[in-house]
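Subject: Structure handover

Hello,

Here is the structure we talked about. Please open it first and then read the notes below.

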Amino acid sequence: MRTKKLPGGIRETNLEEAEKMRRCYDAFSIICREQGYKRVDFPILCYYELFQGKAWIEDQEIIKLIDYDGKILSLRPDMTILAARYAALNHDNEEQMKLFYEGKVFRNSFNSQINREENQFGLEIFGPKGAETDCELISGCYNLLRKVGATDLKIFVGHSRILRGLLRALKLNEDLVNKLILVLNQRRFREADEMLCDIEGGDRIMELIGQLDRADSIDTAIETIREIASHISDEDNNYSRTFELIESLEEMKKQGMDSYIKCDLLDSGGFKYYDGLVFSAYCREGVGKIAKGGRYDSLMESLGRPMGAGGFAVYWDVLRKKEELLC
Amino acid sequence: MLKVAISKGRVAKVLADIGRRKDNCLEILSKESRKLSFYDEKYDITYMLVKPSDLPKYLEYGAADIGIVGNDVLLESGIKAIEVMELNIGKCVMAFAGMREHEFFLEDRTRIATKYPNITKGYLEERGLHCEIVKLEGSVELAPVLGLSDVIVDIVETGATLEANGLVVYESFLNVNSRLVANVTSFRLKKERIQEFAKVLAEGGIGVNDKWTIL
């Protein structure tokens, strides 16, 4: 019997959960290696300057520490940015660089009553751009999740530029665009309508947004994007990037991926570094998203090494609730 | 199976009335019972009666696929949920109110008593203000009367309670009513079932079926 009160602690993973996670990660590693991916380990402690002022992740979400020499460090809040930095340093040709990883990320926005950590595994592809690479990413996510036992999967495909491009066409300020995107992601159409009621052209844009919302299959999405494209502002290449989505959707249909793909054209992806195709995976009766990914070519440009880039992360803490996991 | 969370009180009563009138999936709600959760085998729906302020948690954690609750509760909770349909139940406004004889003026030193600190703070931030907010659980109308606050933020329906306590509405800033909302995952995976349920509400006369409704 304990005679002393233990100091408070953040929740540990219990023995059974830890074993299950290890088996899943091992299964994931085998699958990735078979497909030519190489394992990479990212440091848990990073310099905060990698994220500072970039708006890729909300500043208040980043857990910061002060080093002995006064430099600000952070616990890694995200793997993709670190993977991008690795590729910018180490990849300098047109060939594909395929990486996979596993580990924890740390953010203040996670359930801080339990912990501020999230267990993830994922993969990133650098090098070529185009519809085939987009399909490789999405089919890679789908096949990987099925192999670890997550069945009845549906993947929802969106694009970070379409909604933003439509709203930018109204010459709105960035804050208002971001607020509208948050509201529209939750289908709070009436609220968005009220916010745009005094804006010239607002009515028409809301009609187009309604059309986007209804386009949930690959075929209707392609048709709808073609119809509304002329209304998308070409600031930041929003207009031209939108047509890349059409090419990717057509390729997905050609590869028979429409059996598990739906479209959600109001999904902008969440992370601000996504600048093209975005996608999320859900299981039947699962709790929440089990994986999320997208393209982030602009992130590579901002690091001084333009190249195609895309990837996805699987959220182990959500996936582990699936009882039928094979691992 | 579809899991439906319903706010106890007025919302549950209105749905039970619709269930009484027609042969539909709400019929089970019209049967008197002290149970808080019951399964309708015919329609494969589980209903749960929950406290309105708790309903967002049921949605957030996936214990419910859809819920019927006021948008004041939803906005205050801050959860992300998909708004499927607006309902003609519990229509009111969120407003600043205070003593009839006082002049309404919002500045950084204003003290505001409210049950809705998050909504209030959000509205003030948009106006560039940083007032002091005092969170109360109930009888908010007493706060300016007893000098606890300068003004209050509360939902106002007819204004009768305010008037009875010597208060008036200064300024309303948000329309409030009940909404049918969905858990983000359930909306993606059970969309057809959710839309069927929404149609029942629309046919029952409480669902607003307009261009903004996801049907």
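In chain B, P144(B) sits in helix α5 (residues 142-145). The model is a predicted one. Is P144(B) buried or exposed? P144(B) counts as buried, because its relative accessibility is 8% and the cut-off for buried is under 20%. Setting aside neighbours within four places in sequence, P144(B) is in contact with M99(B), S149(B), D150(B), I152(B) and L167(B). G166(B) is 22 residues away from P144(B) along the chain, and their C-alpha atoms are 9.7 Å apart.

**Chain B as a whole**

Chain B has 12 strands and eight helices. Along the principal axes, its C-alpha atoms fill a box of roughly 60 × 35 × 30 Å. Of the 215 residues in chain B, 54% are buried. Take the contacts in chain B between residues at least 6 apart in sequence: 67% of them join residues at least 24 apart.

**Confidence in chain A**

Chain A has a mean pLDDT of 87. In chain A, 94% of the residues reach 70 or more. Among the elements of chain A, strand β1 (residues 38-39) has the highest mean pLDDT, 96. The lowest, 85, belongs to helix α11 (residues 316-319) of chain A.

**Helix α8 of chain A**

Which residues of helix α8 (residues 218-228) of chain A are buried? They are I218(A), A221(A), I222(A), T224(A), I225(A) and I228(A).

**Where the chains meet**

The contact involves 23 residues from chain A and 21 residues from chain B. Together the two chains bury about 2,100 Å², with 48% of it on carbon and sulfur atoms.

Six residue pairs are in polar contact across the interface, both residues being at pLDDT 80 or more. On the chain B side, β5 (82-87) and α7 (184-189) each supply at least two residues. The largest share of that side comes from α7(B), with five residues. By class, the side of chain B that touches chain A has 11 nonpolar, eight charged and two polar residues.

**Salt bridges between the chains**

There are four salt bridges between chain B and chain A. One of them joins the side chains of R188(B) and D264(A), at 2.2 Å from N to O.

E86(B) forms a salt bridge with R190(A), and the closest N and O atoms are 2.9 Å apart. Why does this pair join two chains? E86(B) lies in strand β5 of chain B and R190(A) in helix α6 of chain A, so the bridge runs from one chain to the other. E86(B) is buried, with a relative accessible area of 12%. R190(A) also counts as buried, at 15% relative accessibility.

**Salt bridges within chain A**

Over all chains, the structure holds 36 salt bridges. D264(A) bonds within its own chain too: it forms a salt bridge with R187(A), the closest N and O atoms being 3.0 Å apart. D264(A) lies in the loop between β8 and β9 (277-283) of chain A, and R187(A) in the loop between α5 (174-185) and α6 (189-195), so the pair ties together parts that are 77 residues apart in sequence. D264(A) counts as buried at 5% relative accessibility. R187(A) is buried as well, at 5%.

E19(A) and R23(A) make another bridge, with their side chains meeting at 3.9 Å, N to O. They are four residues apart in helix α1 (residues 15-34) of chain A, so about one helical turn separates them. Both ends are partly exposed: E19(A) has a relative accessible area of 47%, and R23(A) has 40%.

There is also a network. Salt bridges that share partners join R22(A), D26(A), R39(A), D41(A) and E102(A).

Best wishes

Notes: Residues numbered from 1 in each chain as written. Chains lettered and ligands numbered in written order. Heavy atoms only, no water. Contact = heavy atoms within 4.5 Å. Buried area = accessible area lost by both parts, 1.4 Å probe. Polar contact = N/O pair within 3.5 Å; in protein donor to acceptor, adjacent residues only side chain to side chain. Nonpolar A, V, L, I, M, F, W, Y, C, P; charged D, E, K, R; others polar. Buried < 20%, exposed > 50% of the residue type's maximum accessible area, 1.4 Å probe, protein only. pLDDT = per-residue confidence, 0-100.
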